[in-house]
Amino acid sequence: MNNPELGWCEPHSHHRFCSRHLAANFGKEFKKGHIKDRIVPLCSQLTGHKFSLHWNVLVAAEPRAQQWFADKPLSRWALAYDEGKRFGIMTTNIAESWNRAIKVARKLHITALVKSIFHKVVTYLD
């Protein structure tokens, strides 16, 4: 991801981790129950306070999680600490991300759907 010759480097691009891949890798390391199911909600928290609540629950369930995350900067995987560079998108699957972004709008009539998507795109690009 970090290739200055191609322009793929800060500040023009920002490397982030996919929350689903992070959860899958965590699950391979820690096979205790459904502990990996706590990772995506942890990554998706919008505030530091809510992030801390989820983090404390995770560490209480699996203390080794702190060490596992030690080499992964918060800005690369936690929405609350990414400095607004993700636009709320937490996965690498663009179709999945888009479907989540317009989840409510998909149930609307076509004209309302188009207006809703237009406004959503404007807020992402603003």
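Biologist: Let's start with valine 121: is this residue buried, partly exposed or exposed?

Modeller: Keeping in mind that this is a predicted model, valine 121 counts as partly exposed, because its relative accessibility is 31%, and partly exposed covers the range between under 20% for buried and over 50% for exposed.

Biologist: And which element does valine 121 lie in?

Modeller: Valine 121 lies in helix α7, and it belongs to a nonpolar patch on the surface that also includes Trp98 and Leu125, the three having about 290 Å² of accessible area together.

Biologist: Which residues gather in the patch of positive charge on the surface?

Modeller: That patch is formed by Arg100, Lys103, Arg106 and Lys107. Arginine 106 has its place in the loop between α6, residues 94-101, and α7, residues 110-125, and with a relative accessible area of 47% it is partly exposed.

Biologist: Stepping back, how many helices and strands does the protein have?

Modeller: The secondary structure comes to seven helices and zero strands, so that, read from the N terminus on, the elements simply run α-α-α-α-α-α-α.

Biologist: What share of the residues is buried?

Modeller: Of the 126 residues in the protein, 29% are buried.

Biologist: Then on to the largest nonpolar core: which of its residues touch the most other members?

Modeller: The largest nonpolar core has 17 residues, and those touching the most other members are Leu22, Phe26, Ile39, Trp55, Leu58, Phe69 and Trp77. At least two residues of this core come from each of α1 (19-29), α2 (39-43), α3 (48-61) and α4 (65-69).

Biologist: Which helix gives the most to this core?

Modeller: That is α3, which contributes four residues to the core.

Biologist: Switching to charged pairs, how many salt bridges does a search of the whole structure find?

Modeller: The search finds three salt bridges. In one of them lysine 32 pairs with glutamate 62, where the closest N and O atoms are 3.3 Å apart, and this pair links distant parts of the chain, since lysine 32 sits in the loop between α1 and α2 while glutamate 62 sits in the loop between α3 and α4, 30 residues apart.

Biologist: Are those two partners buried or exposed, or something in between?

Modeller: Lysine 32 is partly exposed, with a relative accessible area of 44%, whereas glutamate 62 is buried, with a relative accessible area of 3%.

Biologist: Why does glutamate 62 count as buried?

Modeller: Glutamate 62 counts as buried because its 3% relative accessible area falls under the 20% cut-off.

Biologist: What about the other salt bridges?

Modeller: Glutamate 62 also meets arginine 64 in a salt bridge, at 3.0 Å from N to O, and arginine 64, at 48% relative accessibility, counts as partly exposed. Lysine 72 forms a salt bridge with aspartate 71, with the closest N and O atoms 2.9 Å apart. In that pair lysine 72 counts as buried at 16% relative accessibility, while aspartate 71 is exposed, with a relative accessible area of 59%.

Biologist: Last topic, arginine 76: where does it lie, and how far apart are its C-alpha atom and that of serine 19?

Modeller: Arginine 76 lies in helix α5, residues 74-77, and is partly exposed, with a relative accessible area of 30%. The C-alpha atoms of arginine 76 and serine 19 are separated by 9.7 Å, although the two residues are 57 residues apart along the chain.

Biologist: And glycine 33, what is its setting?

Modeller: Glycine 33 lies in the loop between α1 and α2 and counts as exposed, at 65% relative accessibility.

How values were computed
Residues are numbered from 1 along each chain as its sequence is written. This is a predicted model: local features need pLDDT of at least 70, side-chain atom pairs count only at pLDDT 80 or more; totals for chains, interfaces and linings use all residues. Side-chain values use heavy atoms; hydrogens and water are left out. Patches are made of residues with over 30% relative accessible area and no salt bridge: like charges are joined within 9 Å, nonpolar side chains (Val, Leu, Ile, Met, Phe, Trp, Tyr) within 5 Å. Accessible areas come from the Shrake-Rupley method with a 1.4 Å probe; for residues, only the protein chains shown count as cover. A salt bridge is a side-chain nitrogen of Lys or Arg within 4 Å of a carboxyl oxygen of Asp or Glu. Lys and Arg count as positive and Asp and Glu as negative; His and the chain ends are not counted. The place of a charge is taken as NZ of Lys, CZ of Arg, CG of Asp or CD of Glu. Buried means under 20% relative accessible area, exposed over 50%, partly exposed in between (1.4 Å probe, protein chains only). A nonpolar core is a set of buried Ala, Val, Leu, Ile, Met, Phe, Trp, Tyr and Cys residues joined through side-chain atoms within 4.5 Å.
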